[in-house]
Amino acid sequence: MEYGFAEQIGFRALTVLTFLPSVGALIMLLFMRKRPNAYKTTALVTALVTLALAVYMMTQFQTGTAEFQFQEDYRWIDSFGITFHLGVDGISMLLILLTAFLSVIAILGSWNYVTDRQLAFFVCLLVLETGMIGVFAAMDLFLFYVFWEVQLIPMYFLIGIWGGARRIYAAIKFFLYTFAGSVLMLVAIIGIVWWYTKDSGVTTFDIQTLQQAGFPYGVQALAFVGFFLAFAIKVPMFPFHTWLPDAHVEAPTAGSVLLAGVLLKMGVYGMIRFCIGFFPEVSVKAVPWVMILSVIGIIYGAAMSLIQADMKKLVAYSSVSHMGYVTAGLFAFNLQGIQGSVLQMINHGILTGALFQMVGFFYERSHTRLIKDYGGVAQPMPVAAALFSFFVLGSLGLPGLNGFVGEFLILVGIFQYKIVFAVLASVGLILGAAYLLWMYQRTMFQELRNKKWLKVSDLNAREIITLVPLVAAALFIGIYPAPVLNLLSAPAQTIVAQVQPYLAEHGSSLLKLASSLFGGN
Amino acid sequence: MGYIWLIPALPLAAFLITILFGKWFIKDSAHWLPILAMAGAFGLSVAALIQSWGAEEPYVLNLWQWFTSGDFQIPLALQLDQLSAVMCTTVTGVGLLIFIYSKGYMHGDPGYYRFFAYMSLFAFSMLMLVLAENYLLLYFGWEAVGLCSYYLIGFYYHKPSAAAAGKKAFLTNRVGDFGFGLGVMLIWTLVGTLSYSGVFDAVGAGEVSDSALVAIALLLFVGAMGKSAQFPLHVWLPDAMEGPTPVSALIHAATMVTAGVYMVARSSVIFASARPALIVVGIIGTFTAIYAASIGIAQNDIKRVLAYSTVSQLGYMFMALGVGAWVAAVFHLVTHAFFKALLFLGSGSVIHAMSGEQDMRRMGALRGKIKTTYWTFLMGALALSGIFPFAGFWSKDEILGMQFKGGGYIIWIVGLIAAFITAFYTFRAVFMTFWGNDRTDPEVGKHIHESPKSMIIPLGILAVLSVIAGLVIGLPPEGGLLHRFLEPVFQHANEILGVEHHGFGALDVVLMIVSVLVALSGIALAYLFYIRRPDELPQKAGKKAGWLYKGIANKWYMDEIYNVAIITPLVEGSRVIYKWFDVAVIDGLVNLAGRIWGGFGKMARPFQTGRVENYALIMFLAVVVIVAVVVL
């Protein structure tokens, strides 16, 4: 069975999908400079069409195979063996769907959010969407790197221009961190391509070819570090996380939604494709250390969330905690852990995206995000409070909603690796409930102290419309996750197969000592 | 029996419709749909109860595949056996009465529709919990009932104490669920399935090592301790009284808090194969029984007396489970559901009459003014105290009798002392509320009135049940209707434990007489304290008891201990780490790097030109050129 675009869908769907948002942005820039309603509508329609196409592709997608689908492969820069090669497997297809979905939500949610340089704002969002989809669709390492950098720029602008008071600081911090990661990754990319050229006489950036290369251990180790640091910053894993709270606090709502919803996932996606795909042996060696950092991240992020005074900062630190589950599940290297990990990326995108969206709605009304300025908001805004509690509950992993499915699979995965990590990660569930419910209690419940809230209106129809799809998605995955899990089954098996040969010598000697103390398999 | 999915589905439908349309459309008639749904669910539960009589194997209804990941295959499936049928009938039956009662009690509340919506959601969750076919679906119901409890405790969310109590309940339960979740993972890792039948077969076949079984049982029990408010995870239940009284009756007395008892009984095969864990269950239960009873003595809020009493009575149920007296535990669960719901609803009727007053020190002499409430409350009090032949007598006596006959004399004595205290605090409440001098605020006194019919009728029905339930399903002791009905469920566990069946003999009669005498002397002491010499004896005894009284009056300082040992260190420790590590160390290094690089000034420049559109356009054009080169 061939999985080229021609056989599956009949047109160059991935190219169209990737560049459609930018085409919309171009139309807005060229023809609608002075007409806000026109360009806003165009932005929304563009995002909706992109989403529709992504959904259509999903219906044509073949589950049960880990082959890349809808493949398009064009010559690009022949002298370096660089191709314009696109394709998706179950993991990237899902992440692209999430991207298209959240882009619509973000655009609709920020309809009236910015007044200054509005056109540029929506253009940035659409260009960002192109970058994000491109990252997930690229099958050429160079192309991946290009998209990786492309999405960096609009996000940098979103924070730096439409951000809060300390936006310059936050934007630069964001840029420096990710730029440092990018440089490391670039060095690693050049390194492995150079080695491959030397070894085989062929220069290529093709990801699948490089995955078959079988790099020697030393090359693996060095390049792994380069890739891993770049992605760990993006995720972000403890202790590379401090750009995230600042970026989130300063970013406009749409920026936060996409940052938390999609950009962080690019880090984990990179780990799956490159760290594990290229360097399975070193990845297995790294498991104990990744686990330790992940579990620290889970507990540390939760503890930091507990004491934040700013709601956005609280949700930002909670992302550190939640992404800790994702990396831990992935590196458990079993089906439950990996499927749970990817599913949890989607879940986190939905739930945290929704939480940021809602904090934005509250902020638009009150111009404050400090918890102490809230209290009793359920009285003037009952619908908002009800929806907010829904997403809070999803986020703390209530069974029946999506967060639980991902988290529980991850924990089952970690449990099989080593019980002690599952125990520690489970502590995060208690802390997660603590910081979320405490925040909810202090913001929505209790008496109404700040009289400002009395004049505030509840969510309007547009705002509710942006949230309802997220509610539906959270419920659907919570009650009937089978379709999503089936989609991830084959890619997860591939990952397990990649690392399987090395799993026998699982763990370093230090950790072996620990495991003999704590048990595990 | 394919209809059993309707039992939880009916309340779920009532919830969905009420929550979506209650605010704008249904409003003051929000009670009809939930009551009808509950009535339907009750009817179906009774049908299921009858149909499951004598069935050897549970009936399983597969709905759809829930989790599917490699070997981790968990269906969304319901299971009906005798135990779940008993639970369903109790939940829907008591629930229906409480729903009807709520129509009167919650009348005129601004959150009327919200109340009925959450109560319906609770009924759905609780029914899912007892009908689940596997541990993961049980876990779903388990946390979902906790969520409803959270919503309903914090029903008056504008009250800071109510909001705090809701959160406390959820978090304490999360601590329990932490253990429960790990237990579930351990089961799956060792057995490869989470379906009850699969797990119990594997355990019965000896596929799981003894030490692993003990670990599983203890982890599951941690969950039970949270949900069923056993020491030291009991602290949330008294605070849960912040919720409306029907909530306290349904969730925090009759049904949800018994989920832990249900779960241990459901896992009887595991616990029977893990003797050390079973002993822990018994010890924790026994200790909780007397510990909570002691606190009940010094409470002045009528609902808090009942709350500590609930904690204590749940302790009795675990005391029974600890010796493998599964049916006795379920028996007490059922009778307790009747008489404790009755007592709570009765206290609600008192509070209703007293315009919201809950402090018994400002009540008294109410028996003449609200007669029906008084008489029904008295039935409940006699049942709780264990007076012959009320329902609580039979179930509690069976538990104590089995301890004695099994050789657990210490537990038997502790249980008897707790029974004495129970009778004392129960009648302390009766006397302070209904007898003695009228201490009512004159303003309140003018408005005292009996509650409406919708409240009185459920009281009457529950009073009848509190009188006769024990006689109907519990006679003869250890061989009554309930025993015979539930036999297939616990057969396997009883074989593992080798429980002997003691016949009913002279010894039982002696034990019964002893326990009735103990209960009567508790009542007599309460009479002496609060009717004969109310002005001096309580104070005098309080002073004499010294540290003992101080401990009791301060709830043995458990909240304070948690604050000092866990909550404050956690919050303050996080603050310190945030300030000195996250901000100072990590960010300090990052900022230093930035400054060394000197990029800050340069990087800010693009923003100052103000023409971002142009940058975006340039960037975009570059992308277009690249694509054009490639595709064309």
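Here is a chat about a predicted model with chains A and B.

User: I'm new to this one. How much area do chain A and chain B bury between them?

Analyst: Keep in mind that the model is predicted. The two chains bury about 7,200 Å² between them, and 77% of that is on carbon and sulfur atoms.

User: Okay, and how many residues does each chain put into the contact?

Analyst: Chain A gives 87 residues and chain B gives 69 residues.

User: Which residues in chain A lose the most area to chain B?

Analyst: Those are I307(A), F408(A) and F415(A). Together they make up 9% of what that side buries.

User: How many salt bridges does the rule find across the interface?

Analyst: The rule finds 1 salt bridge between chain A and chain B. K173(A) forms a salt bridge with D587(B), and their closest N and O atoms are 2.7 Å apart.

User: And over all chains, what does the salt bridge count come to?

Analyst: The count is 23 salt bridges over all chains. One pair to look at is D246(A) with R166(A), whose side chains meet at 3.4 Å, N to O. D246(A) sits in helix α10 of chain A, while R166(A) is in the loop between α6 (141–162) and α7 (167–200) of that chain, so the pair ties together parts that are 80 residues apart in sequence.

User: Switching to helices. How do the axes of α14(A) and α15(A) cross?

Analyst: Their axes come within 9 Å and cross at roughly 150°. An angle over 145 degrees counts as roughly antiparallel, and α14(A) and α15(A) are therefore roughly antiparallel to each other. The crossing is left-handed.

User: Which residues make that contact?

Analyst: From α14(A) there are L351(A), A354(A), L355(A), M358(A) and F362(A). The α15(A) side has A384(A), L387(A), F388(A), F391(A), V392(A), G394(A) and S395(A). By class, the contact of α14(A) with α15(A) has 10 nonpolar and 2 polar residues, with no charged ones.

User: What about chain B, where do the axes of α3(B) and α11(B) come, and at what angle do they cross?

Analyst: Helix α3 (residues 82–105) and helix α11 (residues 259–266) of chain B have axes that come within 11 Å and cross at roughly 170°. That makes α3(B) roughly antiparallel to α11(B).

User: Left-handed or right-handed crossing for α3(B) and α11(B)?

Analyst: Right-handed. On the α3(B) side, L83(B), S84(B) and M87(B) make the contact, and on the α11(B) side it is Y262(B), A265(B) and R266(B). The classes there are 4 nonpolar, 1 polar and 1 charged.

User: Now for the backbone. Where is the cis bond that involves P239(A)?

Analyst: The cis peptide bond runs from F238(A) to P239(A), with omega near 0°. P239(A) is in the loop between α9 (217–234) and α10 (243–250) of chain A.

User: What joins F388(B) and P389(B)?

Analyst: A cis peptide bond joins them, with omega about -5°. P389(B) lies in the loop between α16 (371–385) and α17 (391–405) of chain B.

User: Why point these out?

Analyst: Because most peptide bonds are trans, and most residues other than glycine have a negative phi.

User: What is phi for F333(A), then?

Analyst: Phi of F333(A) is near 55°, a positive value in a residue other than glycine. You'll find F333(A) in the loop between α13 (311–331) and α14 (335–366) of chain A.

How values were computed
Residues are numbered from 1 along each chain as its sequence is written. Chains are lettered from A and ligands numbered from 1 in the order in which they are written. This is a predicted model: local features need pLDDT of at least 70, side-chain atom pairs count only at pLDDT 80 or more; totals for chains, interfaces and linings use all residues. Side-chain values use heavy atoms; hydrogens and water are left out. Axes are lines fitted to C-alpha atoms, for helices over the stretch in contact, and angles run from 0 to 180 degrees between N-to-C directions. Helices (H or I, at least four residues) and strands (E, at least two) are DSSP runs, numbered from the N terminus. Angles under 35 degrees count as roughly parallel, over 145 as roughly antiparallel, 65 to 115 as roughly perpendicular and the rest as oblique. A crossing is left-handed if the near helix is turned anticlockwise from the far one by less than a right angle, and right-handed if clockwise. Contact means heavy atoms within 4.5 Å. Ala, Val, Leu, Ile, Met, Phe, Trp, Tyr, Cys and Pro count as nonpolar, Asp, Glu, Lys and Arg as charged, and the others, Gly among them, as polar. Buried area is the accessible area (1.4 Å probe) that two parts lose on being put together, summed over both. A salt bridge is a side-chain nitrogen of Lys or Arg within 4 Å of a carboxyl oxygen of Asp or Glu.
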